[in-house]
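Please read the following report alongside the sequence and the coordinates.

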Amino acid sequence: MSVGNIVGNSPGTQAPLFEGCPPGLVPRSGRTAYCRVDAFPCEPAALADRILNPLEREHWTRMRAVDKRRQEWLLGRYAAKSAVRLLLERDLGMQPSFPEIGIVPDPYGCPRVEGAWIAADLQPSLSIAHSQGTAVALAALDPGVLVGIDLESLNHRRENYEAVAFSPDERSMLAGLPYELRQEWALRMWCAKESVGKALGRGLSAGLLAFHITGIESASGKVELELREGAIEQFPRLRGKSFTISTVRESSFVFSAMIYQQGVARMRPSRQEILDYLLHKMGELTQDWDYPDPVSAESRLFTELGFESLDAVVLCTAIQEHYHTAMPFAELLAEIGQQQRDLSINELADFVDTHLGAPAGVDSVSGRIQ
Ligand SMILES: CC(C)(COP(=O)(O)OP(=O)(O)OC[C@H]1O[C@@H](n2cnc3c(N)ncnc32)[C@H](O)[C@@H]1OP(=O)(O)O)[C@@H](O)C(=O)NCCC(=O)NCCS
């Protein structure tokens, strides 16, 4: 295996930030870091030993996927952890080791940074992409900043995906381009959709046409995009917002990136998002418990799921850590103990929803694009 060229950071050396970042992809201002890895720096198993924490290593060992997927996952983790380390070192003088930077997918698959060093006002946002043996990651430190990154190879053979990926309006933009630019711009538009989906944390699950391209600027590589039906229901506060995504072609790759600054208030999770998180967390905590029926919102912790008091405390602690918010769980548990009643996951979601602080309906998402 060839020795990889890690651009942006390698353990023991301090390469400049943004080295290897295609010009124009990511602004050099602001507390962001970009990292690109083009190949493994050593055997994959040795890299896994060096950079993964025990939970991640177990995940990697058990991952049931083709070799290509396992390797890209690992390379993505290397790029992501490197980007977060660069950011923490440059902006905060912190030097956590690779294993101390945990990366855990949230219920929607969005990578979330975890670690003992994380505090309420310190939660980096992170995005990862990989293709054809190259991985890139973009991380940001400022509260309320969301990041999304994507890359695709022009060498990868794809035919006629445009009819499914793009609306008639979007296809007419492509039709207006010189023939030799069409394939490249179709990929730029695709990558732009992925960057927005990743930055908002749901990927393209709302549907490809829910991410609607309203304009392209061939000189600068900028793509303008709005959310449409499908995505608007997920993000009602972003109705009518125009997102600007940078796209760049460099040799056979097309890259896209978006850095989106939310308004003063951080996006507060909706009641449904809290419930999704709780069900995901319950799935994790009880994966070996062998229930006859699937865990649902109505499932009750003690009588149906067999929780003991300590299990409930572990769950409550995980919830507080996840939301970086202290909530009166001790009182809740004492109250249900006194009343000798049980607690459903739905009720727990109501409790978390009530105690998450600032109201959700802040309508002032500013949408500044850096
Ligand atoms: C997220 C998504 C855009 C990734 O696209 P892709 O071309 O397959 O893969 P990429 O290399 O660009 O990105 C993969 C990374 O995206 C990140 N990702 C996955 N889900 C994400 C989400 N909901 N939000 C943000 N990032 C996400 C992960 O870090 C993943 O890498 P990892 O699994 O190794 O950690 C895509 O898988 C998706 O939209 N999934 C939603 C499911 C769906 O409905 N897909 C149908 C659309 S065709």
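Does E89 count as buried, partly exposed or exposed, and why? E89 counts as partly exposed because it has 16 C-beta neighbours inside 10 Å, where a residue is called buried if 20 or more other C-beta atoms lie within 10 Å of its own, exposed if 12 or fewer, and partly exposed in between, with C-beta atoms placed from the backbone. The model is a predicted one, in which local features need pLDDT of at least 70 and side-chain atom pairs count only at pLDDT 80 or more, while totals for chains, interfaces and linings use all residues. Residues are numbered from 1 along each chain as its sequence is written.

E89 belongs to helix 3 (residues 67-92); helices (H or I, at least four residues) and strands (E, at least two) are DSSP runs, numbered from the N terminus. Once neighbours within four places in sequence are left aside, E89 is in contact with M94 and Q95, a contact being a pair of residues whose C-beta atoms, placed from the backbone, lie within 7 Å.

The protein chain has 11 helices and 12 strands, and buried residues make up 32% of its 370 residues. Of the contacts in the protein chain with a separation of 6 or more, 63% are accounted for by residues 24 or more positions apart.

Two helix pairs are set out below. Axes are lines fitted to C-alpha atoms, for helices over the stretch in contact, and angles run from 0 to 180 degrees between N-to-C directions.

| Helix pair | Axes come within | Crossing angle |
|---|---|---|
| helix 1 (residues 44-51) and helix 3 | 11 Å | roughly 40° |
| helix 8 (residues 271-285) and helix 11 | 9 Å | roughly 125° |

The angle makes helix 8 oblique to helix 11, given that angles under 35 degrees count as roughly parallel, over 145 as roughly antiparallel, 65 to 115 as roughly perpendicular and the rest as oblique. The crossing of helix 8 and helix 11 is right-handed, whereas that of helix 1 and helix 3 is left-handed; a crossing is left-handed if the near helix is turned anticlockwise from the far one by less than a right angle, and right-handed if clockwise. Between helix 8 and helix 11, the contact involves R271, I274, L275, L278, L279 and M282 on the former and I345, L348, A349, V352 and D353 on the latter. In the other pair, P44, L47, A48 and I51 of helix 1 meet Q71, L74, R77, Y78 and K81 of helix 3.

A nonpolar core is a set of buried Ala, Val, Leu, Ile, Met, Phe, Trp, Tyr and Cys residues joined through C-beta atoms within 7 Å. The largest such core has 68 residues, of which A79, A83, A137, A139 and V147 touch the most other members. At least three residues of this core come from each of domain 1 (6-143) and domain 2 (157-249), the bounds being those of an automatic or database domain assignment. Another core, of 11 residues, lies apart from it and includes L275, Y277, L315 and I345.

Most residues other than glycine have a negative phi. S251, although not a glycine, has a positive phi of about 45°; it sits in the loop between strand 10 (243-250) and strand 11 (253-261). Q340, likewise not a glycine, has a positive phi of about 50° and lies in the loop between helix 10 (329-338) and helix 11 (345-355). S251 counts as exposed because it has 8 C-beta neighbours inside 10 Å, and Q340 is exposed with 6 other C-beta atoms within 10 Å.

Note on methods
Two residues are in contact if their C-beta atoms, placed from the backbone, lie within 7 Å.
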